[in-house]
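Student: I have a chain open on my screen, and I would like to go through it with you. Could we take it a step at a time?

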Amino acid sequence: MNLSILIKQYFSSKSEDITIDVFDEKNIYAVYQHVVEILTRHIDIETTVLQAMSYCFYEILDNVITHSHKELGTIITHYDQTNHILSFLVADDGIGVRESLAENEKYADVSEPDALRMCIQDSISLLARDAGSRFEVRSGGHTLLVKDGIESISESEFWQGTIVYLELHTNKEINPAEVVANRTDVAAQYNEAFLHDNELKELW
């Protein structure tokens with residue numbers, strides 16, 4: 001995987017402050033925990049954003065291991081404290097969204113643009129709706145972009161695999177339960193995993 005291309009295209013103005021992590025099936029949770037713990041230390045990041053983001057973030061990592069047919073994935077993160085923007089990118093160089101869907105006979109003839117529309121999970125879509133400024137899924141020769149609430153799909157430079165990129169407003173309070181359609185208590189899961197007792201008391 002060519003990290004220099006990813007950094008140039010997505011983090012060109014902030015390349016000195018990015019964090020890069022590589023994960024596989026064995027260390028996926030440890031890497032996930034490491035990234036979220038670093039973000040948790042920034043007291044200016046709204047807790048509700050972290051509660052929702054942490055759930056969606058793990059879903060994206062798990063999709064790489066489950067669907068890409070590659071052993072490794074890469075995470076690039078950047079936090080712009082001045083402008084209250086968290087950017088993270090998860091990339092793999094696997095089979096891509098369309099080929100992954102086409103493994104199911106039901107979707108054997110799906111087009112790449114339609115595959116991108118179908119692959120967006122409701123949780124990350126709702127996170128992008130509630131706190132995001134830019135959400136991008138790129139695979140093969142197409143990119144799905146949601147910016148300022150407007151969705152578009154266009155042809156783009158070919159990428160072998162899948163890239164998910166999201167920019168979040170970290171100073172905007174949201175309802176994390178709505179992000180996952182109340183299927184699970186993401187706030188409690190985040191609090192239990194990443195907050196200490198004294199930090200939990202400060203939330204109430």
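Student: Which residues have the most contacts inside the largest nonpolar core?
Tutor: Before we look, note that this is a predicted model, where local features need pLDDT of at least 70, side-chain atom pairs count only at pLDDT 80 or more, and totals for chains, interfaces and linings use all residues. Residues are numbered from 1 along each chain as its sequence is written, and side-chain values use heavy atoms, with hydrogens and water left out. A nonpolar core here is a set of buried Ala, Val, Leu, Ile, Met, Phe, Trp, Tyr and Cys residues joined through side-chain atoms within 4.5 Å, where buried means under 20% relative accessible area, exposed over 50%, and partly exposed in between (1.4 Å probe, protein chains only). The largest such core has 45 residues, and those with the most contacts inside it are Phe57, Val90, Leu127 and Leu168.

Student: Which helix gives the largest share of this core?
Tutor: Helices (H or I, at least four residues) and strands (E, at least two) are DSSP runs, numbered from the N terminus. The largest share of the core is nine residues, and they come from residues 47–67, helix H3.

Student: How many residues are in the other core that lies apart from it?
Tutor: Phe11, Ala91, Trp159 and Ile163 are among the members of that other core. Its size is 11 residues.

Student: What is the pattern of helices and strands along the sequence?
Tutor: The chain holds nine helices and five strands. Read in order, they give α-β-α-α-β-β-α-α-α-β-β-α-α-α.

Student: Why can the chain be called as compact as a globular protein of its length?
Tutor: The radius of gyration is taken over C-alpha atoms, and the globule rule is 2.2 Å times the number of residues to the power 0.38. For 204 residues that rule gives 17 Å, and the chain is as compact as a globular protein of that length because its own radius of gyration is close to this, at 17 Å.

Student: What percentage of the contacts with a separation of 6 or more is between residues 24 or more positions apart?
Tutor: Contact means heavy atoms within 4.5 Å. Among the contacts with a separation of 6 or more, the share from residues 24 or more positions apart is 68%.

Student: Is Leu168 buried or exposed?
Tutor: Start with its place, which is strand E5 (residues 150–169). Leaving out residues up to four places away in sequence, Leu168 touches Val49, Met53, His84, Ile85, Leu86, Phe88, Leu127, Ala131 and Gly132. The relative accessibility of Leu168 is 0%, so it counts as buried.

Student: How many of the 10 residues of helix H6 are buried?
Tutor: Helix H6 covers residues 122–131. Its buried residues are Ser123, Ile124, Leu126, Leu127, Ala128, Asp130 and Ala131. They pack against H3, strand E4 (132–147), E5 and helix H7 (176–179). H6 is mostly covered, and the count of buried residues is seven.

Student: What is the relative accessible area of His84, given its positive phi?
Tutor: Most residues other than glycine have a negative phi. His84 has phi near 60°, and its place is the loop between strand E2 (73–80) and strand E3 (85–92). His84 is partly exposed, at a relative accessible area of 24%.

Student: Where is Ala181, which also has a positive phi?
Tutor: Ala181 is not a glycine, yet its phi is about 50°. With a relative accessible area of 44%, Ala181 is partly exposed. Ala181 sits in the loop between H7 and helix H8 (186–194).

Student: Which residues is Ser54 in contact with, leaving aside its neighbours within four places in sequence?
Tutor: Ser54 belongs to helix H3. At a relative accessible area of 4%, Ser54 is buried. Its contacts beyond those neighbours are Tyr32, Val36 and Tyr190.

Student: What separates the C-alpha atoms of Leu89 and Glu192?
Tutor: Leu89 lies in strand E3 and is buried, with a relative accessible area of 0%. Leu89 and Glu192 are 103 residues apart along the chain, and their C-alpha atoms are separated by 25 Å.
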